[in-house]
Amino acid sequence: MDVFGDKPPALPDAPGPKKRTKKTPQELIAAFWGRFHSKHPGKVTSIFPRRLYSNVLPPANPRGVHSARNAAESYEAAARECRQKVARIVRECRRTNEKYTDADYDIERDEKDNCLNGLVRDGGGDIEASGGDNAPPPVSAWDVKQSLTTLAQSQMLGTNGTVPVDVNALNRFVGSDGPAWGSGGGVSSGEYYSPGSVHRVDWIFESPQFTVNGYSSSDIKQGANGDCWWLAAVATIAHRRDLMERVCVARDDECGVYGFVFQRDGEWVSVVVDDNLYLSATDFDHYGDVYDSTGRKARQYRKRNQTGSEALYFARCEDPNETWLPLLEKAYAKTHGDYEAISGGWPGEAVEDMTGGVSTTVASNRVLSKEKLWKELENPNKEFVFALAAMGTGWDWQKSGLALGHAYSILQCRKESDEDGNTFSLVQIRNPWGERSWSGVGEWNGPWSDGSKEWTPYWLQKLGHTFGDDGVFWMKYEDMLETFMFIHRTRLFDEKWTVVQQWTSANVSWITGYLQTKFEITVAKDGVVVIVLTQLDDRYFKGFEGEYYFELHFLLQEVGAAAGEHLCRVRPVHKWENRSVSCEVELEAGKRYEVLPEITATRNTDNSSRGKPPQDIVREYAEKNPQKLRQVGMSYDLAHAKGGVPDEDELLEQKRAERRKKKEDKKRRQKKKQRKAITKAAKAMEKAADAMKEVVKGDEAEKKAEAGGGAATAGGTSAATKDAADKEKAVAAAPAGQKPEAPGAPKPVEASTSTGGVKDAPPPPVEEEKKADTDEASKDEGSKKELEEKTEKSEAEEKAGEGEATTETAEEKDDAAVDDKEEEDKDDASDSDSDKDDDKDSDEDDDADDEGAITSPWNAVAVVGLRVYAQDAQVTVELVKVNSGDELTTLTVDGKPAGATM
């Protein structure tokens, strides 16, 4: 509240003058988008590059190849590998007389809870990131229950004090155990695991059996993990013994080793686990030594808190001695890295992982023909399995007794008539909780629910239904469509089907549209073909998902089809399910079809792990949690080792090798230039020396001629003798490697080279005066003329020979000079290119400093693959690049991009 006399508030600072620009508005827009997109688009494909394996053996992860395989043969290869692993482990256990301990997933010696939690914890950072070093972990309903159980066990609440807790009801007040739908899940959404102890199967169960009366959906009860989506998927296939035995491949209960097979990114993988399991209660002496001389208290404590299925921390079977479900859940968690990774998801994806099928999500309010859907639900040929998702539209968390944001299983569909001939379409559904909550939430309470008026003795007997708190209930088909938002329909494949897949990576622009890379499909037989466009399942490498969220769309049409003449257009049913999209369509033999992908990318700007690029995660956790980083990083590298996906680390090594080669070439060219310069200098020195020798020779010849012609006169002899003596003195006084000039000869021209010219020689001794002998006049004129004629003739011949040699030498010099010039120009050009390459990065970095530079440019790169299933062994898929302008125009409708959302 303002009071009279208060100091008036300060005025806001006036905005400074805007910097004037000479660019037009269109140029400014173009410049912005030029800076917005990364100049170096790319994706991390190797968390651990080849350099790290310089001193150790690299992992045996060969890059995948494009291949067509029979669906059954692909599975059998993985199942055979799994059986061989189990057999080897059993032999080793018998040799050492020890039970099997899984060194790769040892929950008994997991100090940092890496088998429980992911790499990035508590919303993209560690616990420290959310509130300092002493910040507590997020509290969940299971934490509260565990704390109260601990108080009861420590007898702080009295000798027989207990606190009954309904976790499902408590979730409404202290937060969820992790959303069942979405990409977060786990610790980042408030789920924090705190099991009490770890023990082996034969210690926990009095009479352990892997299965009791086979597999059954009624066996399934959810534990502390938010994996209801996975348990719902297990329940949909549990009544199919053939499907369950394809997952649970091999085991040895005595050695405690169990082998399972799952599908990952279109390929079957095997996984082996030991029989250590998490328990809710701590050990008897966990809080300190307790006096128990007879051991009676310890036995009673173990019997009450650590014995049977109810003692397990995670999923458990209804039977107190049945073990298949907790061991299967452990194997599924190990495959994905930890228990947190399997918290939150969609039941259709889990069915795919365990059966190798293809799931399609159906929105119940969009069903066109309910009769057609009902025929599929009846599933007479066992080609499909179904699951359900109950979703809320606001703050509601339950509807007609059903928990929302939760997954359910469809067990069977029956169309039956009553005593009067009235027909009813009924669906049997199961909640993976296996029971109601304390408030009655968990089962349908509408028509045909347990105890409703619709149940007569006739119907109870006809459907074989019994009332009970077991999570199983019946509904009318129409009520099911009204109540459940999504239906997950999974098609199964047998040995009649062939599957072929092709992977690639794509730079995804900020503006959406169909990619210029497409897939071409050819079939040799008419029939149903299932086409799946998928991306890598980032559940296997949580923390390295990256900062972009991708949605997949595609268009299927005949090659060369006109715009709008497509066979199907596919897009996600909702925004939360983005692993894959698919369609089923009848294709004709002999025709070529093309799949045009469209990928939309959204950048996450919050502080979660998805908002951080992989390189930042590596820097943060290389010292903080190296063991977990190694595990998740290896899984990331394996996922990206797909045939058709560029190996960025290999490309980086090639660039390094090219840079090293350029540097070596540059050094070699520089050394070559230096050798040439030295050679030229030496040749110039040699030529200068040769020229001096020629001068000396000419002078000596002249002197000899003069000496021969003047033999009759004493004066001539005296002069020749004196000149010869002077030359000898000059030669003796000249520097080494340099010849003196002849007396009276012209001064030679200075020779220069690239390393410096030849220094001027000291002037030769010059005769200061010439003696004239008067007796020369009286010489015999005839002898003098004869001598002059001979001398002139000799000099003429010598000059002619020197002229020819000079001409040849000049031509050779010109050719050599041209060759040297061309080679020097070539070397200079190479050096210039190398310098440009070296300066390219710095120039682009300078551009980033311009006004309005984007600190984090758009760099969305998606790894996608196309899988095609057909009852045709000759089916093929090929990756094709769109080149012609005619093809590009077919990707538009009415001048606009033909997006899958149109």
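Modeller: Strand β10 (residues 384–390) and strand β13 (residues 406–417) run antiparallel to each other and pair over 4 bridges, where strands pair if DSSP finds at least two bridges between them. Helices (H or I, at least four residues) and strands (E, at least two) are DSSP runs, numbered from the N terminus. Please keep in mind that this is a predicted model, in which local features need pLDDT of at least 70 and side-chain atom pairs count only at pLDDT 80 or more, while totals for chains, interfaces and linings use all residues. Residues are numbered from 1 along each chain as its sequence is written, and side-chain values use heavy atoms, with hydrogens and water left out.

Biologist: Which residue is the bridge partner of Ala390 in β13?

Modeller: That partner is His406.

Biologist: What is the order of strands in the open sheet of 6 strands?

Modeller: The order is β9-β16-β10-β13-β14-β15, and the pairing is antiparallel. Because β9 (358–363) and β15 (472–476) each have a single partner strand, they stand at the edges, and one side of each is left without a neighbour in the sheet. On average, neighbouring strands of this sheet are turned by 35° against each other, direction ignored; the axes behind such angles are lines fitted to C-alpha atoms, for helices over the stretch in contact, and angles run from 0 to 180 degrees between N-to-C directions.

Biologist: And which strands of that sheet does α10 touch?

Modeller: Helix α10 packs on the sheet and touches β9, β10, β13 and β16 (486–491), with a direction at about 15° to that of β16. Touching here means contact, that is, heavy atoms within 4.5 Å.

Biologist: Switching topic, which residues touch the most other members of the largest nonpolar core?

Modeller: That core has 55 residues, and the ones touching the most other members are Trp230, Phe260, Phe262, Tyr278, Trp324, Leu325 and Leu328. A nonpolar core is a set of buried Ala, Val, Leu, Ile, Met, Phe, Trp, Tyr and Cys residues joined through side-chain atoms within 4.5 Å, and buried means under 20% relative accessible area, with exposed over 50% and partly exposed in between (1.4 Å probe, protein chains only).

Biologist: Where does the largest share of this core come from?

Modeller: Helix α6 supplies the largest share, 9 residues.

Biologist: What does Leu328 touch?

Modeller: Not counting residues up to four places away in sequence, Leu328 touches Trp230, Val234, Met244, Val247, Phe260 and Phe262.

Biologist: How many residues does α2 have, and how far does α2 reach?

Modeller: Helix α2 has 26 residues and reaches 39 Å from its first C-alpha to its last, close to the 38 Å expected at 1.5 Å a residue; the expected span is 1.5 Å times one less than the number of residues. Among the buried residues of α2 are Tyr75, Cys82, Val86 and Ile89, and the helix is followed by Asn97, whose phi is positive, near 60°.

Biologist: Why does Cys82 count as buried?

Modeller: Cys82 counts as buried because its relative accessibility is 0%. Cys248 counts as buried at 10% relative accessibility.
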